[in-house]
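Me: I'd like to go through this fold with you, one piece at a time. Can you keep the answers plain?

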Amino acid sequence: MSTVTSEVLTRPDGSPIRVLAVDDEPSLTELLTIALRYEGWQVTTAASGASAVRAANQIQPDAIILDIMLPDFDGLEVMRRIRTTQPNVPVIFLTAKDALPDRINGLTAGGDDYVTKPFSLEELIARLRSVLRRSGMASSYRESVLTVGDLSLNEDSHEVIRGGEYINLTATEFELLRFMMRNPNRVLSKAQILDRVWHYDFGGQVNVVELYVSYLRKKLDAGREPMIHTLRGAGYLLRAASPAKTRGARAGTGS
């Protein structure tokens with residue numbers, strides 16, 4: 001399994017990268033939103049050409065992920081309209097078409113890259129990082145420690161500590177916890193977790209997610225107030241334990 005980089009890209013002033021994701025498939029824009037937020041970026045979505053142009057004018061994105069086939073007008077026209085006011089914004093085209101003429105049309109029209117559906121989210125993020133660097137829209141720094149309540153995770157040393165106690169995790173458990181800590185207080189579906197942690201392309205066996213969440217719970221929540229919560233029919237959520245309850249759980253465990 002590949003490891004997610006701990007290098008964080010930001011705007012030159014240190015604020016989060018702004019990405020506009022345009023596609024008329026809600027399931028895909030939801031997955032894109034989760035993956036991009038995992039990188040620490042701000043995400044705005046649009047499902048049509050007209051709404052994409054409006055959103056671009058409002059948020060001034062640093063990069064655009066743009067489906068070529070949209071319900072009103074195509075992605076090439078969307079890019080043309082946006083670039084009348086934002087001529088340098090990088091654009092990565094998405095399309096189900098893989099014919100060479102479509103690739104050529106997209107790139108010669110001014111697109112910076114081209115990804116054919118179905119695609120790996122990992123690959124798309126890597127390409128997005130690349131165009132952001134090339135365009136000068138981003139700078140980078142190393143973020144090594146994630147913290148949620150009394151839980152901390154060091155992305156460089158792979159040390160996980162809760163309440164002052166070290167927790168030993170396998171590589172997959174660590175990656176699962178990192179994804180959840182990158183998205184605290186946010187419900188993550190099994191499909192989203194499967195795609196981001198195991199890198200399956202919009203499919204696979206969700207029972208592996210249930211299995212590893214149970215492994216993680218035994219190590220993370222043993223004798224403490226639970227941090228990982230199940231929302232039936234929706235997914236899983238990680239949130240900080242309240243200090244008072246955490247102290248009470250420890251006192252009860254030691255008595």
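Me: How many bridges join strand S2 to S3?
Reply: In this predicted model, strand S2 (residues 18-22) is joined to S3 by five bridges, and these two strands run parallel. Within that pairing, Arg-18 stands opposite Gln-42 in S3.

Me: And what order do the strands of the open sheet have?
Reply: The open sheet has five strands in the order S3-S2-S4-S5-S6, and the pairing is parallel. Strand S3 (42-46) and strand S6 (113-116) stand at the edges, each with a single partner strand, so one side of each is left without a neighbour in the sheet. On average, neighbouring strands of this sheet are turned by 20° against each other, if direction is ignored.

Me: Which strands does helix H2 lie across?
Reply: Helix H2 (residues 49-59) lies across S2 and S3, and runs at about 175° to S2. There is also helix H3 (residues 75-82), which lies across S4 and strand S5 (91-95) and runs at about 155° to S4.

Me: Is Leu-66 buried or exposed, then?
Reply: Leu-66 has a relative accessibility of 1%, and because buried means under 20%, this residue counts as buried. Leaving out residues up to four places away in sequence, Leu-66 touches Val-22, Gly-75, Val-78, Met-79, Val-91, Ile-92, Phe-93 and Leu-94. As for Met-79, its C-alpha atom is separated by 8.3 Å from that of Leu-66, although the two residues are 13 residues apart along the chain.

Me: Changing topic to H7, how many of its residues are buried?
Reply: Seven of the nine residues of helix H7 (residues 190-198) are buried, so this helix is largely enclosed by the rest of the structure. The buried ones are Gln-192, Ile-193, Leu-194, Asp-195, Arg-196, Val-197 and Trp-198.

Me: What covers the buried residues of H7?
Reply: The cover includes helix H1 (26-38), helix H5 (121-135), helix H6 (171-182), H8 and strand S13 (235-238). Taking Ile-193 as one of the buried residues of H7, and again leaving out residues up to four places away in sequence, its contacts are Leu-176, Phe-179, Leu-188, Trp-198, Val-209 and Tyr-236.

Me: Which residues have the most contacts inside the largest nonpolar core?
Reply: They are Leu-177, Met-180, Met-181, Ile-193 and Leu-238, in a core that has 28 residues. Two or more residues each are given to this core by H1, strand S8 (145-148), strand S9 (151-154), H6, H7, H8 and S13, and the largest share, six residues, comes from H6. Apart from this core lies another, of 24 residues, among them Ile-17, Leu-36, Leu-128 and Leu-132.

Me: Back to H8: which of its residues are buried?
Reply: Val-209, Val-213, Leu-216 and Leu-220 are buried in H8. They cover an arc of only 65° around the axis, which puts them on the same side of H8. As for its length, helix H8 (residues 207-220) has 14 residues that should span 20 Å at 1.5 Å a residue, and its end C-alpha atoms are 20 Å apart, which agrees.

Me: One more, Glu-173: which residues does it touch?
Reply: Glu-173 lies in helix H6 and is buried, with a relative accessible area of 4%. Not counting residues up to four places away in sequence, Glu-173 touches Asn-168, Tyr-212, Tyr-215, Leu-216 and Lys-219.

How values were computed:
Residues are numbered from 1 along each chain as its sequence is written. This is a predicted model: local features need pLDDT of at least 70, side-chain atom pairs count only at pLDDT 80 or more; totals for chains, interfaces and linings use all residues. Side-chain values use heavy atoms; hydrogens and water are left out. Helices (H or I, at least four residues) and strands (E, at least two) are DSSP runs, numbered from the N terminus. The expected span of a helix is 1.5 Å times one less than its number of residues. Buried means under 20% relative accessible area, exposed over 50%, partly exposed in between (1.4 Å probe, protein chains only). The arc is that of the directions from the helix axis to the C-beta atoms. Contact means heavy atoms within 4.5 Å. Two strands pair if DSSP finds at least two bridges between them. Axes are lines fitted to C-alpha atoms, for helices over the stretch in contact, and angles run from 0 to 180 degrees between N-to-C directions. A nonpolar core is a set of buried Ala, Val, Leu, Ile, Met, Phe, Trp, Tyr and Cys residues joined through side-chain atoms within 4.5 Å.
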